[in-house]
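This briefing goes through a single protein model, topic by topic. Please keep the sequence and the coordinates at hand while reading.

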Amino acid sequence: MAYKGEARSRNKPNTNTRLRKKKIVETKAMASTRPYNYLPGLIIYHILQLLPTKLAAQASFVSKQWAEAWSSIQVFDFKEGDPYNHDRKFRLRMRYQGDAKVLDAWLRSAVERSVKELDISLRNVPTVKPYCLPQTLFDAKLLTTLSLEDVRIEDNADQPISLPSLKSMSFKMVDFEGMALSNLISGCPWIEHLSLNLCDLGSWTWKLKISSSSLKSFEIFDCYSRHIEVEAKNLESFKFDSDFELLESMALFDCTNLKCINIFSQHLQHLILYALCQNSVEATINTPNLHSFDFSGYLMANVSMAPLKFLSDATLILLDHIRGPTFSLPLNHFSTLRDYLEHFDCSKKLKLYIHDAEGVMFPEDFREAFPSPLPNLKHLNIVMNSAVEGIKSELMESLHWMAPSVENPSIESLSRTNYDLDGNQKRRRKKE
């Protein structure tokens, strides 16, 4: 027979049981309202990395924990389907409809997270002005690679540009206002590669001037500029291809390390190549409407030039020195010189600067074996650094073979000119 107290204790749950049931109910309620809060942060981070950037951005609104994981992501890719191969890379592919504040915020976030590679390609709506890059982008200390397409860069000369780690820049359909590109290059002390494709290089001035001591590779394709001037002592490769009808002049100064030149332009009128000190440089020049050509450097054995039918004035400063009585000309000197001079047979005038008369005194057996390189030239001016006493008759023989249509070749002493082939040559720049 059970006592009444014992019956009550069996029918009423004890305190521990009630607490356990309450905890289970609360846990179920929390799980049903915030199902992701109990995932470890590392797992959330990996989930966000596997998602396309747009979905990952939306998932960051699930909770504070997911937002914190999203803020630590270092790879952004707004084009679905691309692999994630590099850390700290920001890729953006989208149609721009004027929402500049959103893009500004994304780029500001990318700079704050110290991205190393930035790749932006916008498809602009025709009625909307291209997106203008914010100033914050030009203070990305760790940025190494910059690729831009269909954007605009303003000419803010009073705003400092500091991109000390940037080594490669590639621009396509980018509008540079005024001197924006020149200012940008000046803020990149370690830039090595620069590529321009279908860009407006400053329609306010119509002149592009690039000066860099670190630039090694420079490519320009179908860009809009009347005058292009490059000064880069470590430049190794230069490629230019453009059919822009208003292009007038191009000049490469002090490119002493240049090894490869490719220039294609139907409308270029004036070309200046100064201080090319690599005698192994390979050059392809296709400029059929060229009017003037100025060259200073060593003989280019590997040069291919299209016929210059409209060339009126050519100036060649050859730095192939003859140093002392023990120095002898290379065996292929005269064959290389003849082949090089042949490109300027269509020119009305040719001015040739040489260090010593022996450099143009073709041997008699050579003259008998090969045709003249300049049969149609009418005016020839030779400027030398040495006297011609005692060899003038032999020199004139060689010059008459070299340019048989020139009745009286002009011979000048270098002391009367503004050039010094012993290393103190003064550069001449065309007035534009």
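Predicted model: local features only at pLDDT ≥ 70, side-chain atom pairs only at ≥ 80, totals over all residues.

Is L198 buried, partly exposed or exposed? With a relative accessibility of 33%, L198 counts as partly exposed.

**Backbone with positive phi**

- L198 is placed in the loop between β8 (193-197) and β9 (200-201), and its phi is near 55°, a positive value in a residue other than glycine.
- D254 also has a phi near 55°, again positive in a residue other than glycine, and this residue belongs to the loop between β14 (249-253) and β15 (260-265).
- The relative accessible area of D254 is 26%, so D254 is partly exposed.
- A further positive phi, near 60°, is that of S114, which follows α6.
- As background to these values, most residues other than glycine have a negative phi.

**Helix α6**

- Helix α6 runs over residues 100-112, and its 13 residues reach 18 Å from the first C-alpha to the last, close to the 18 Å expected at 1.5 Å a residue.
- The buried residues in α6 are L103, L107, S109 and A110; because they cover an arc of only 155° around the axis, they lie on the same side of α6.
- An α-helix has 3.6 residues a turn, so residues three or four places apart point the same way.
- K101 and E112, by contrast, are exposed on the other side of α6.
- The cover over the buried residues of α6 includes the strands β2 (89-96) and β3 (117-124).

**Helix α8**

- Helix α8 (residues 333-341) is mostly covered, with seven of its nine residues buried.
- The buried residues in α8 are H333, F334, T336, L337, R338, Y340 and L341.
- Their cover includes the strands β18 (292-297), β19 (302-305), β20 (313-318) and β21 (349-354), together with the helices α9 (364-369) and α10 (392-402).

**Nonpolar cores and the surroundings of F218**

- The largest nonpolar core holds 102 residues, of which F171, L196, F218 and F238 touch the most other members; α10 gives the most to this core, with five residues.
- Apart from this core lies another, of eight residues, among them A251, F253, L319 and Y353.
- In soluble globular proteins, nonpolar side chains tend to be buried together.
- When neighbours within four places in sequence are left aside, F218 is in contact with L194, L196, L208, I210, V230, L235, S237, F238 and K239.
- S237, one of these contacts of F218, lies in strand β13 (residues 237-242) and, with a relative accessible area of 18%, is buried.
- Leaving aside neighbours within four places in sequence, S237 in turn is in contact with K216, S217, F218, L258 and C260.

- The structure holds 15 aromatic pairs; in one of them, the rings of F334 and F362 have their centres 5.2 Å apart and their planes at 55°, so the pair is tilted.
- This pair links distant parts of the chain, since F334 belongs to helix α8 and F362 to the loop between β21 and α9, 28 residues apart.
- F334, at 13% relative accessibility, counts as buried, and F362 is buried with a relative accessible area of 2%.
- R367 is in helix α9 and, at 16% relative accessibility, counts as buried.
- Not counting residues up to four places away in sequence, R367 touches F362, E397, S398 and W401.
- R367 and S398 are 31 residues apart along the chain, while their C-alpha atoms are separated by 8.0 Å.

- C199 is in no disulfide, as the nearest cysteine sulfur, that of C223, is 4.6 Å away.
- With a relative accessibility of 0%, C199 counts as buried, whereas C260, at 25%, counts as partly exposed.

Key. Residues numbered from 1 in each chain as written. Heavy atoms only, no water. Helix = DSSP H or I, 4+ residues; strand = E, 2+ residues; numbered from the N terminus. Expected span 1.5 Å × (residues − 1). Buried < 20%, exposed > 50% of the residue type's maximum accessible area, 1.4 Å probe, protein only. Arc of directions from axis to C-beta. Contact = heavy atoms within 4.5 Å. Disulfide = S-S within 2.5 Å. Core = buried A, V, L, I, M, F, W, Y, C linked by side-chain atoms within 4.5 Å. Phe/Tyr/Trp six-rings, centres within 6.5 Å; stacked < 30°, edge-to-face > 60°.
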